[in-house]
Structure formats: C-alpha cells, structure tokens
Amino acid sequence: MGKTLVISDNEFLNLLYVMNLEVYLAVSTVLVKSLVEAQEQLKINKFDLILTLETINKETAQTSIFNFLKSYGLKIPIIIAGASFDDVIAENVFGVTGKFNISGILKMSAKILGVTAKQMSELNVGAYYPISLSPLMGLGVAPCNIYEQKGATYKIVLRNDDPINDSFKVIASSGVEHLFVSSSDRLTIINKISLSLIEKITAQLKSLEGAPVAQKVQALSDGYEFAAANLFSSDEIKKQMQEIAAASAKVMGDVAKDTASLKSLLAIMLSNKDGYIFTHSMIVSYVTYHMIKNVTWGGEGQVEKINFVLFFHDIFLAPLYLKYPDLKIETELLENAKISEKEKDVVLNHAKLAAEMVVTYKRCPMGADVLIKQHHGMKKGKGFVKFYMEDLSPLSKVILIAEVFVEEFIKSQENKEIPFNIKIVIPKLISEFKSPSYTKIVQSLVHVPL
C-alpha cells in the first residue's frame, strides 16, 4: 500500500515502529538511525511517508528533513512522533504526542496514506506475510515459525522458540531484507516484540549505575511511556510491567541521591520534553526521598516502595495528558471543559484503577496498592479529599504532602512573578494539613534542596 521511511535512534521504538506499520497498515518500511542516512535514502528511493522522532542524535529532525525535501522539490508527508500536540505542525508536517503512542501513529499514518479500516479488513495478505529482518534480529528467540521465500515456495529457517543466532546474520549479509511468517502469526509477532521490549527496558534500567542523571531520566521516561502506552494490552504484557516498575523504583532513588536540587531536576525534565505526569512523578520522588531520609522510621525500603507507587499512581491519567498536553494540576481536571464525562470518570477513579492493577502482581511491594488508593487522601481511591483524614498510613501522608508541595513548586516555576519561597509554602501547608501528625511531616520539607 505504500513505502515508509522510519527515522529513529531509539532501539525500543525501532522495533515497534517498523513492526506495527508493516503488520497493521501493510506498508513496506526502511529504517535508518540518523538524519544523514535518511537523506541518502531519500535520494535513491521513493517514499509515501516519513515517520521520525522529534530529535535524532540531539538534532531537530523536522527542520533537517523539511529543508532537505524542499531543496529537492519533494513533498513527502512527515509525521513527528513525540511532538507537543496532535495536529498539523506545518505544511505536510503532522504531530503525534507520545513516542510510544503507537495507536496514534498508526491512525495518523493511515489517514495520510488513505488507508481505511475497511480496506485493511478486506486485505488479502495471502498465506505468508513479509516481516522486515531488523525487528526480528532484536528478538532472542523466534516467536513463531519463520520462513524464507525460495521462488514460489517458503522454507522454514527457524522454528518457534529456536534461538535467533548467527544464521540470521548470514541471511542479512546476503542482502535479504524480509523474511516471512504465517499470516495468522502476525499479531503473535507484535505481542512477542512488546514482551521483548519489557526485558530490554528493564535490562537498561538495571545497567545505569554510574550513568549521568540525564541518561537515567531518559531511560525512566522510556519505561514509563511504554508502560502507559500498554495499559490496555494483553494480560501477559500488563503483568510483566511490574519488572519495569521495580527496576525504575531503584533508579528513581538514585536520581534523587545524585541530583543537587529540585530546580536542576526540573531543568533536566524540561530539556527532555517529558510529559506532565512523568515530570510530576519524578519531582515528587525527589521530594519524598529527602522527606523520608529525615524521619526516624524512613529507609531505603520505604523509598523504593514509594517510587514503585509513584510509577503507577497516576498511570491511568497518562492517556488523558497525552490527548491534552496542556493539562496540568490533577485536582483541576474535573472542572476542565475539554474533558468528557467518561474521561472525568477515569480522573475520579484513577487511583482505584491503578491499585487494582498492581495488586495482581506477584512481587508487588506490601501495601503498595493501599498507598496508590490513598494518594489523594481517599481510602477507596475515588475522588479527591477535602478534609485530610488522620487514620491514613504515614507513607500516604508523605505522598499527599509531597504532591501538594510539588504542585506549588511547579506553579511558581511557570509564573515567574511569584518566586517559590519555602518560608511561605510550609506555613501554608501546615494550615491546609491541620492535624499534628501531618504537621511533623510538612516540617520535613525544610530538608528538600531547592
């Protein structure tokens, strides 16, 4: 149906973009990892669509590609994955918020290429379906039988669960770009690639000891975006997300230890253009780390539990913030005219939904589901508290206070006319959280480096 140039230097997204475009839209793809390679491909091949990340090797892809196309008189539509909003950015340039927003990317690609749902359902793909070699190389074992075309026949080169080894490299070196799977196995491939990405993202998170803070934050962002984008995937994928969350909890603690101040962490988050939910969660993690460090009952175990909770506590709001990138404070969402009644129901119940998800995990930290339910002060995880209850757990109170503190901090950073003053904020929070047990925790905010 069409040919798409994919430009991505993110190893996780390389697999997802190519495989999803091929399987769901039946387009052929060419993957490149730099803008120089992209320009070389554009000189020698005809493409119907270009899909690129917003930045490639820290260079703005839109400017580079758009100027190249203009100089050669080409008018190829460009989709920017991870753009700041979903819509037309410039002439023939379209944005999709969220790098891992595969459904949004497919929807936009189909619209540009003129592919309808009816066309896809009626597509006769035959008994065997071509799959690019590059995504298959990223898998450890064959997810199903894999075939090579020999004239009019198809010969098995790997059976289901066979290791993908040097034999694949030999095939690749011979110039073969596609292998084949049974058409009934197309969706199996997608599922297996998603599971393999969980392993790869988890492994990356576990290998970050000694890495710069910015690199750790980028890895955390990838893990969070992947998890948020797969909330409604297969049960197998959802259950494996706890591996990403557990690895992330430790890295979040390391970021808190290694970052000099709240402002420097916010600067890193803003330079990465991370979404509000992830940015908010990371800054709350930093604040809770310094609060916990200075109470008698605090410790590393408590920090990791809180970070596990922070990974999931607002995750059901992530699709909403992806849809409306200008949204900010959670408690104000219910008053926002943009949000439908169905979406408001998700806002009211997001804590309950997240708690119900994590309680199914075999290695969920004890009590994490309760902390998620209570993170807005409501015991059943529905709605937002008006009067703070005394009989919540101490860690729930820490998260509650930290979230309100962070909202005050973020507001002040956006409104430069009102500088953040902890001598004003702490008394304000003491008046909001009136009981003595809350007051002691509020006072621990003096230990947070600004």
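**Nonpolar core and aromatic contacts**

In the predicted model, Tyr224 has a relative accessibility of 5% and therefore counts as buried, the cut-off being under 20%. Phe278 is likewise classed as buried, because its relative accessibility is 8%.

Aromatic pairing was examined across the whole structure, and the search returned 17 pairs. One of these joins Tyr224 to Phe278 in a tilted arrangement, with a centre-to-centre distance of 5.7 Å and an angle of 35 degrees between the ring planes. Tyr224 belongs to helix 9 (residues 213–229), while Phe278 belongs to helix 12 (residues 276–292), so the pair ties together parts of the chain that are 54 residues apart in sequence. Both rings are also members of one aromatic cluster, which contains Tyr224, Phe278, Phe308, Phe311, Phe312 and Tyr361.

Phe312, a member of this aromatic cluster, also features in the largest nonpolar core. That core comprises 157 residues, of which Phe312, Ile315 and Leu445 touch the most other members. For Leu445, when neighbours within four places in sequence are set aside, the residues in contact are Val287, Met291, Ile401, Phe405, Ile422, Ile426 and Leu429.

Arg186 is positioned over the face of Tyr129, at 4.8 Å from the ring centre. Lys397 is placed over the face of Tyr438, with a distance of 4.9 Å from the ring centre.

Key:
Residues are numbered from 1 along each chain as its sequence is written. This is a predicted model: local features need pLDDT of at least 70, side-chain atom pairs count only at pLDDT 80 or more; totals for chains, interfaces and linings use all residues. Side-chain values use heavy atoms; hydrogens and water are left out. A nonpolar core is a set of buried Ala, Val, Leu, Ile, Met, Phe, Trp, Tyr and Cys residues joined through side-chain atoms within 4.5 Å. Buried means under 20% relative accessible area, exposed over 50%, partly exposed in between (1.4 Å probe, protein chains only). Contact means heavy atoms within 4.5 Å. Rings of Phe, Tyr and Trp (its six-membered ring) pair if their centres lie within 6.5 Å; planes under 30 degrees apart count as stacked, over 60 as edge-to-face and the rest as tilted. Helices (H or I, at least four residues) and strands (E, at least two) are DSSP runs, numbered from the N terminus. A charge sits over a ring if NZ of Lys or CZ of Arg is within 6 Å of the ring centre and within 35 degrees of the ring normal.
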